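I am opening a notebook on this structure. The entries below record what I looked up, in the order I looked.

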Amino acid sequence: TKCESGCVCADGLYENLDGRCVPAEECPCEYGGLAYRKGEQIQTECEICTCTKGKWKCVQKSVCSSTCNLYGEGHINTFDGQRFVFDGNCEYILAMDGCSVNRPVSSFKIVTENVICGKSGVTCSRSISIYLGNLTFVLRDETFTVSGVNPGVRYNVKKNALHLMFDIIIPGKYNMTLIWNKHMNFFIKISRETQETICGLCGNYNGNMKDDFETRSKYVASNELEFVNSWKENPLCGDVYFVVDPCSKNPYRKAWAEKTCSVINSQVFSACHNKVNRMPYYEACVRDSCGCDIGGDCECMCDAIAVYAMACLDKGICIDWRTPEFCPVYCEYYN
């Protein structure tokens, strides 16, 4: 309705993020607050997306994978993205197949054993058992043992300063990558060649987080504690009735926990803030740092921050957050 002074692009040209006028073919695409040039690609676990004329064109991958995380004092992110936390002093089934009534035969089962690691009653995942028919891996005390054989399973174990990694192939069924940081964090990444039902604390992996609290009895629990109790490996273990808030039990630790965990909200991780929601990781870090009150408190805090760093890495953002003074890795000692 009125004229305004200024510059506009000529017909057929568009302003890019640098303020230059370019043809539509040269338009950049945006994802997570970052600009990508024409032809650049980003990848998720299920899609490959290419920047074309300012828009993302995505192609579904032939094999799609998903990851379940168990970290810190009982935090779980399921395959479908549901989050919850529990404090149970027992063995729990993280993931297994053979859950359907029609096909009750299981080709794998992953079990976590929790032990109390704080005076307030919080628990830490300390031992992981992986059952593959007659082949068993036990991850405990920063190392692992193998027993039995299963000629139908191929596996490879890799080590680095921070992690033990297991690549497991069950031909015709699953490709699994299991990553353990030798302490409290455990990641299960699965791609499957069948639509076999999966169940356990990691959820049913059907793409719908709303029904992830499916119990062993095949109904959706009304709350997470009812769900957790249904997946006890040993039914004689006591049920969990409430979730401890360690910061309310240890208020003197809360200020320290909030200060040290604030690195997640700082400039150090700024490149990742638009790609991965940091608040659940920050809250988990504060909770764990309050709870680890009988030794290993810095280890709990560092492990919690490392989970956010790994989530950033999954989105292609590598954060160099460790320093000699903050959560160091003593590689030089061995050189």
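**Entry 1: a run of strands**

I began at Gln 41 and looked for its bridge partner in E6, which is Thr 50. The model I am reading is a predicted one.

I then followed Thr 50 to the next strand. In E7, Thr 50 has Lys 57 as its bridge partner. E7 covers residues 55–60 and runs antiparallel to E6, with six bridges joining the two. I also checked the turn: E6 and E7 make a hairpin with two residues between them.

**Entry 2: a salt bridge and a second hairpin**

How many salt bridges does the structure hold? I find six. I looked up the one between the side chains of Glu 113 and Arg 140, where the N to O distance is 3.5 Å. Glu 113 sits in strand E12 (residues 109–116) and Arg 140 in strand E14 (residues 135–140), so this pair ties together parts that lie 27 residues apart in sequence.

Arg 140 came up again when I looked at strand pairing. Its bridge partner in E15 is Thr 143. E14 pairs with strand E15, residues 143–147, in the antiparallel sense, and I noted five bridges. The hairpin of E14 and E15 has two residues between the strands, and Asp 141 there takes a positive phi near 55°.

**Entry 3: the domains**

Next I turned to the domain assignment of the chain. It gives domain 1 as residues 13–60, domain 2 as 65–230 and domain 3 as 246–315. I looked up domain 2 and domain 3 as a pair: their centres, taken over C-alpha atoms, are 23 Å apart. In contact are 20 residues of domain 2 and 17 residues of domain 3.

**Entry 4: the interface of domain 2 and domain 3**

I wanted a figure for the interface itself. The size of an interface is often given as the accessible area lost when the parts come together. For domain 2 and domain 3 the buried area is about 1700 Å², with 57% of it on carbon and sulfur atoms.

Which strands each supply at least two residues of the side of domain 2 that touches domain 3? They are strand E9 (75–77) and strand E10 (83–85). By class, I read that side of domain 2 as seven nonpolar, eight polar and five charged residues.

I then looked for salt bridges across the interface of domain 2 and domain 3, and the rule finds zero. For polar contact across this interface, the rule finds four residue pairs.

Technical notes. Residues are numbered from 1 along each chain as its sequence is written. This is a predicted model: local features need pLDDT of at least 70, side-chain atom pairs count only at pLDDT 80 or more; totals for chains, interfaces and linings use all residues. Side-chain values use heavy atoms; hydrogens and water are left out. Domain bounds come from an automatic or database domain assignment. Contact means heavy atoms within 4.5 Å. Buried area is the accessible area (1.4 Å probe) that two parts lose on being put together, summed over both. A salt bridge is a side-chain nitrogen of Lys or Arg within 4 Å of a carboxyl oxygen of Asp or Glu. A polar contact is a pair of N or O atoms within 3.5 Å; within protein, one must be able to donate a hydrogen and the other to accept it, and residues adjacent in sequence count only if both atoms are side-chain atoms. Helices (H or I, at least four residues) and strands (E, at least two) are DSSP runs, numbered from the N terminus. Ala, Val, Leu, Ile, Met, Phe, Trp, Tyr, Cys and Pro count as nonpolar, Asp, Glu, Lys and Arg as charged, and the others, Gly among them, as polar. Two strands pair if DSSP finds at least two bridges between them.
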